[in-house]
Amino acid sequence: MSGQLSVTDAIKLRLLEEADAEELHALIEANRAYLEPWLPWAAGQSFEDTLGFIHGVQSQAQENAGFQTAVVTEKGIAGVVGYVTVDWANRSTRIGYWLDEGQQGKGTMTAAVRVLVDHALATWQLNRVEIVVATENRRSRAIPERLDFREEGTLRQYQLVDGCYLDCVSYSMLAEDWCAAE
């Protein structure tokens with residue numbers, strides 16, 4: 001991806017840059033209590049960790065192993081969405097995301113994920129997109145469900161968050177299903 005992807009006239013996805021570190025970290029700080037139950041990195045995320053994450057995702061993009069984007073609204077960065085990994089040999093990817101609690105309920109992340117699914121399946125011509133979400137995280141689960149992903153099953157004790165193992169639900173979308181839905 002070069003530049004940005006348009007979600008709506010008011011929402012863009014753009015690659016994260018080092019200059020985003022302060023704004024992104026402030027957003028994490030503001031949402032820490034909200035993110036902690038679901039994301040293993042949220043509880044201890046320092047500014048240096050945020051900067052390290054940005055450097056890591058820049059390397060990821062350069063290595064053609066996926067990319068992470070800032071979800072940018074008229075108010076600035078509202079969250080992050082991207083390809084956690086890309087398996088080019090098997091033509092598949094996994095999408096991860098989080099959004100500022102105050103920005104939720106407006107369809108922002110559903111629209112952003114839709115753009116990334118379309119990019120993966122139409123532009124990159126991958127065959128499969130996965131989303132893995134904690135079973136109890138209803139807001140995050142609603143996104144693949146709204147986009148008609150297929151629930152594949154529960155991954156028992158899949159993710160370690162704050163010393164506890166969380167069960168997660170695996171969702172998938174295949175290229176043939178995405179094309180048929182359009």
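**Ala 10 touches Val 72, Thr 73 and Glu 74, leaving aside its neighbours within four places in sequence.** Contact here means heavy atoms within 4.5 Å. The model is predicted: local features need pLDDT of at least 70, side-chain atom pairs count only at pLDDT 80 or more, and totals for chains, interfaces and linings use all residues. Residues are numbered from 1 along each chain as its sequence is written, and side-chain values use heavy atoms, with hydrogens and water left out. Ala 10 lies in the loop between E1 and strand E2 (12-15). Helices (H or I, at least four residues) and strands (E, at least two) are DSSP runs, numbered from the N terminus. Ala 10 and Glu 74 are 64 residues apart in sequence, yet their C-alpha atoms are 6.3 Å apart in space. The relative accessible area of Ala 10 is 42%, so this residue counts as partly exposed. The cut-offs are under 20% relative accessible area for buried, over 50% for exposed, and partly exposed in between (1.4 Å probe, protein chains only).

**An open sheet of 8 strands runs in the order E1-E2-E3-E4-E5-E6-E8-E7, with mixed pairing.** Strand E1 (4-6) and strand E7 (150-161) are the edge strands; each has a single partner strand, so one side of each lacks a neighbour in the sheet. From one strand to the next, the twist averages 25°. Two strands pair if DSSP finds at least two bridges between them. Strands of a sheet pair through backbone hydrogen bonds, either parallel or antiparallel.

**E1 and E2 form a hairpin with 5 residues between them.** Their pairing is antiparallel, over 3 bridges. Ser 6 stands opposite Lys 12 in E2. E2 also pairs with E3, in the antiparallel sense over 4 bridges. There, Arg 14 faces Ala 70 in E3.

**Strand E3 (residues 68-73) and strand E4 (residues 76-87) are antiparallel partners, joined over 6 bridges.** Thr 73 has Gly 76 in E4 as its bridge partner. Helix H2 (residues 47-62) packs on the sheet and touches E3 and E4. The direction of H2 makes about 45° with that of E4.

**The axes of H1 and H2 cross at roughly 120° and come within 9 Å.** That angle makes H1 oblique to H2. Angles under 35 degrees count as roughly parallel, over 145 as roughly antiparallel, 65 to 115 as roughly perpendicular and the rest as oblique. Axes are lines fitted to C-alpha atoms, for helices over the stretch in contact, and angles run from 0 to 180 degrees between N-to-C directions. The crossing of H1 past H2 is right-handed. A crossing is left-handed if the near helix is turned anticlockwise from the far one by less than a right angle, and right-handed if clockwise. On the H1 side the meeting residues are Ala 21, Glu 22, Leu 24, His 25 and Ile 28. H2 brings Phe 47, Thr 50, Leu 51, Phe 53 and Ile 54.

**Asp 20 and Arg 14 meet through their side chains in a salt bridge (2.8 Å, N to O).** A salt bridge is a side-chain nitrogen of Lys or Arg within 4 Å of a carboxyl oxygen of Asp or Glu. The whole structure holds 7 salt bridges. Asp 20 counts as buried, at 5% relative accessibility.

An α-helix has 3.6 residues a turn, so residues three or four places apart point the same way. Glu 29 is partly exposed, at 43% relative accessibility. Arg 32 is buried, at 13%.

**Glu 152 and Arg 128 form a salt bridge, with the closest N and O atoms 2.7 Å apart.** The pair links distant parts of the chain: Glu 152 is in strand E7 and Arg 128 in strand E6, 24 residues apart. Glu 152 counts as partly exposed, at 42% relative accessibility.

**Helix H4 (residues 138-146) has buried residues Ser 140, Arg 141, Ala 142, Ile 143 and Pro 144.** Their cover includes strand E5 (92-99), helix H3 (108-123), strand E6 (128-134), E7 and strand E8 (164-174). Just after H4, Asp 148 takes a positive phi of about 65°.
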